[in-house]
Every structure is written in C-alpha cells, then in structure tokens.
Amino acid sequence: MTDTADAHTDEAPAPGGPCPVTDLATDYDMFDPDYLRDPFSAWAELRTEGCPIAHTERYGGSWLPTRYDDLQALAKMVPELSSKSPIVIDMPDALVKDDATGYNAAAPISADPPEQSWTRRALLPHFTPKGVMKDREYTERLCHELIDGFIDDGRCDAAVDYAQQIPPRVIARKLGVDEGMVDDFIEWVRGVLELGLQQPELRAKYRDVIREFFAAEVADRRANPKDDLITALCQTEHEGELLPDEVVIGMCNLQLVAGIDTTWSSIGSALWHFAGNEDDRRRMVAEPELWDTAVEELLRFYAPVTMARNAAEDVEYGGITFKKGDKILMNFPGANHDPDHFEDPHEVQLDRQRNRHVAFGIGIHRCAGSNLARMEMEVALKTWFERIPEFTLSDPDAVTWAGGQVRGPRIIPVTFG
Amino acid sequence: MKIVIDAEKCEGHSRCYSLAPDLVDVDDLGNALVLGDGTVPEGLEDKARLIVDNCPEYAITIEED
C-alpha cells in the first residue's frame with residue numbers, strides 16, 4: 001500500500017482512531033468500517049506482503065497474527081500468553097475492580113491454569129453435544145415462534161427480529177433467569193462487548209449491572225436451589241470448598257456475554273450470506289443434506305470471535321518480541337482464510353470436506369459453548385429455510401457490521417414472498 | 001483401517017462426533033473416544049477420513065491395515 005497520508009488530511013479521522021490507515025502492517029484499525037465489511041483482503045495483504053503479524057498503536061496497542069500456523073502456535077503458548085484479560089482492549093486501570101477481574105471476571109475464559117482447568121470442568125458437562133440436546137426442542141419452538149411474528153409481513157430484519165432474539169433466550173433458560181429480560185440482556189451485552197469497547201465508562205457500567213444481577217441470582221440459588229445452571233455452578237466444589245460467589249458470578253457473566261453476541265453474529269452472517277447469494281440459497285433448498293458441512297463452512301468463513309492474550313513476560317515468537325503486557329489478538333477468523341490451509345479460502349463451499357477451521361478457538365480455551373452454538377445455528381438456519389426458503393436482501397446499503405471482539409451484521413433487511 | 005484419537009490433543013470440539021457418531025463417542029466433558037477398538041466398519045472409510053480432515057487439533061489419525 002502506498003503512502004497516501006497527505007491525500008487523506010482533509011478526511012475525518014476513522015472512528016476511534018487518530019487518522020486513516022495508510023500501512024496495515026503498522027497501523028491496522030479493527031473498528032474501521034471498511035475493514036469490518038471486508039477484513040479478508042486486509043489479512044490476505046498482510047500474509048502476502050511479508051508482515052503476517054501486524055502491529056498497531058491504536059486502542060492501547062496490539063498485535064494481529066493472520067496465518068493459521070501462527071494462531072495454532074500462539075494458542076498453545078500457555079502460560080507465556082495469559083488469558084486474564086481476554087478482551088481486545090484493556091479496561092483503563094482506574095475502572096478495574098479486583099473482584100471483577102482475571103479469574104473472577106469470567107472464568108474459565110479469563111483465567112490461566114490451574115484456575116482455568118477446574119472452572120472449565122464445571123461447565124463442560126452442560127455443553128457437550130449430549131448436554132445441549134435438551135435445549136434443542138426449546139430452540140426449535142422458539143425459532144418457529146419468532147418467524148410466526150413476522151412471516152405475514154413479507155419482510156423483516158433478519159438480525160434484529162431473528163438472529164439476535166435466539167441466543168439470549170436459549171442461554172437465559174439454561175442459566176435459569178427470567179427470559180422476559182432478554183431486551184435488557186441484549187443491551188447489557190452490547191454495552192460490555194460492542195459499544196463499550198471504545199467507551200470504558202459504558203463498559204464498566206454494564207459490567208457492574210451484570211455482576212449485580214448475577215449476585216442476586218447466586219444468593220437466591222444458594223438459599224433456594226433449582227434445576228438450572230446457576231444452581232449447578234453454586235454447588236461446584238474445588239478441593240472440598242464451594243466456589244466463591246465472585247467466581248460463580250463471573251462464570252454466569254461469561255455465559256451471558258459469550259453466549260449471546262457471538263452466536264447471533266454467526267446466525268446473522270449466515271442469513272446475510274444466503275440473502276445475497278442466490279445460488280447458495282437455492283442449493284441449500286435443493287440439498288438440505290449439506291447442512292452439516294454448510295454450517296461448519298459458514299462458521300469458518302464468517303467466524304465472529306477474536307479473543308485476546310497478554311504477554312505474561314517478554315516472549316520471542318517468529319522474530320518478534322512481544323513485550324510483557326503486550327496485547328495479542330487471537331485472529332481466528334484470519335486463520336480461517338489462510339490459503340495454506342484452506343483451498344480457495346475466499347469462496348464459501350457449502351460441501352467443503354477438508355475444514356479444520358478454528359472459529360471456536362483452539363487449545364485449552366476452545367469455546368466451552370461451541371456445541372450449544374452449533375446446535376442453535378443449525379436449528380435457526382434449518383427452521384428459517386423450512387419456513388422461508390425464498391428471501392433476498394432488500395437494502396444492501398442498510399447492512400451494518402459490528403466488530404472488534406465479535407464481528408457480525410447488526411442490520412439485515414430482507415424480503416420474502 | 002483404524003482410527004486413533006490422541007487424548008492429549010483432543011480439546012473437545014466434538015466436530016468428529018457431530019460428523020460421525022457411528023465412529024466416535026464423547027465423554028462427560030465432550031472429549032472424543034473411539035467406538036470399540038477404533039476399527040472402521042466397511043463402508044465408513046470416507047467418514048473416517050472426513051473426521052481426520054475436520055479436527056482443528058490434529059488429534060485424529062488413521063492406521064491403515
């Protein structure tokens with residue numbers, strides 16, 4: 001890319017950034033609207049131009065690996081790369097609270113071993129393929145009810161009216177909290193993970209709202225056990241002691257935050273893809289037996305989640321020194337587009353056979369909810385196609401993409417017959 | 001043909017189980033286990049190769065007879 005800084009001086013600065021990007025290798029911008037619409041060409045440019053691990057000073061500074069092999073290696077660098085602060089932008093020190101950070105924040109995702117290991121063991125039995133089977137019937141009913149609400153209108157916003165509505169209800173029911181509060185949950189999660197990334201005060205506010213909500217729920221389950229996930233976590237012991245309240249509150253926080261934004265982004269991206277790609281939409285109508293590979297391919301192509309690590313010490317990797325405290329963005333979406341590992345990575349191939357995608361991360365922090373997410377995505381898409389096999393994007397210019405931690409479409413206007 | 005799962009590498013993605021429940025099972029934590037001794041029944045050889053090619057942890061290998 002050539003130096004065009006002078007030519008850009010009369011343009012408004014990129015949102016949240018100091019100036020337009022002129023050299024991706026030293027100055028990528030994870031919130032730039034062009035990057036959010038098409039990050040694929042940026043990653044390809046970095047891989048081919050000899051700078052597969054880019055760096056920026058924006059947003060407190062971070063590193064961005066783009067190659068599959070690097071993501072595989074970096075994910076296994078435990079404990080040199082710590083997960084205690086897995087959000088892509090750190091909270092300013094003044095807003096950090098000790099009882100809501102690291103192990104307490106959102107274990108196991110915000111913990112390193114050994115704390116990571118036992119908090120993960122407590123969660124996993126609820127999220128195995130068999131463990132999520134009991135959520136399937138509810139998810140199917142929910143998807144039908146949502147479609148009932150708009151099918152006669154001949155149009156809807158596939159993000160707001162459908163994709164966004166499914167994961168909050170499924171996880172609320174699993175946790176055992178009031179499903180009637182989904183609008184609040186959506187607001188809180190966007191406050192923490194989307195809008196709050198560049199507004200630390202907002203992020204801290206919603207962090208506190210979520211923790212206060214779950215503090216009350218945990219106190220209730222300690223006194224009145226129920227058949228739900230919060231109760232199960234309250235009853236989890238480590239070395240003969242029940243997990244402390246702040247850790248259980250953090251684990252509930254993780255279920256809500258990680259279980260909502262991410263899955264709705266995957267469902268939304270898939271619907272956006274089919275609304276704009278008629279051949280692929282028709283193929284799924286004609287060959288529904290492809291859903292197994294199609295879901296994995298859509299997860300690969302539109303992988304929504306970028307987690308982060310911080311160097312726990314100075315770490316040498318691939319000729320680079322990550323200084324202690326440096327933020328490394330775990331660009332799993334970028335790894336999924338590496339031509340060294342995926343044939344024609346820029347193409348969605350609904351029957352792709354060889355697909356070792358890493359949309360759910362890899363190593364000990366592999367998404368604990370991946371089977372629930374996969375089930376929700378499969379049910380949401382199959383139910384949509386069963387009820388609304390013909391649909392199209394009615395206003396492509398109205399589509400907006402969120403990004404940073406979780407990339408996905410937030411507005412998808414579609415029409416159908 | 002036999003499939004072998006490296007328990008040290010498996011991180012419980014369950015990709016193999018979702019693609020080939022007739023070849024693998026998962027334990028209470030979601031980690032994969034071969035069914036029986038891992039011998040692939042006749043006719044399921046392609047499925048065995050498919051799960052190898054879809055494991056993000058490179059935890060599954062095939063031993064040819």
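Start by selecting A:Ile166, A:Pro167, A:Pro168, A:Val170, A:Ile171, A:Ala172, A:Lys174 and A:Leu175: these are the buried residues of helix α9 in chain A. The helix spans residues 166–175, and with eight of its ten residues buried it is largely enclosed by the rest of the structure. Keep in mind that you're looking at a predicted model.

What does the covering? Then step off the end of α9(A) onto A:Gly176, where phi is positive, near 100 degrees.

Next, jump to strand β10 of chain A, residues 327–330. Show the side chains: A:Lys327 and A:Leu329 point one way, A:Ile328 and A:Met330 the other, and all are buried. Now bring in strand β7 (residues 307–311) of chain A, which pairs with β10(A) in the antiparallel sense over four bridges. Look across from A:Leu329 in β10(A) and you'll find A:Ala308.

Time to colour by chain. At the contact between the two, 21 residues of chain A meet 17 residues of chain B. On the chain A side, helix α17 (residues 370–387) gives the most, with three residues. By class, that side has eight nonpolar, seven polar and six charged residues.

Last, colour by pLDDT. Chain A averages 93, and 95% of its residues score at least 70. Residues 1–18 of chain A stay under 50, though, and the model has 19 contacts beyond four places in sequence for them.

Notes. Residues numbered from 1 in each chain as written. Chains lettered and ligands numbered in written order. Predicted model: local features only at pLDDT ≥ 70, side-chain atom pairs only at ≥ 80, totals over all residues. Contact = placed C-beta atoms within 7 Å. Helix = DSSP H or I, 4+ residues; strand = E, 2+ residues; numbered from the N terminus. Nonpolar A, V, L, I, M, F, W, Y, C, P; charged D, E, K, R; others polar. pLDDT = per-residue confidence, 0-100. Buried ≥ 20, exposed ≤ 12 C-beta atoms within 10 Å, placed from the backbone. Pairing = 2+ DSSP bridges.
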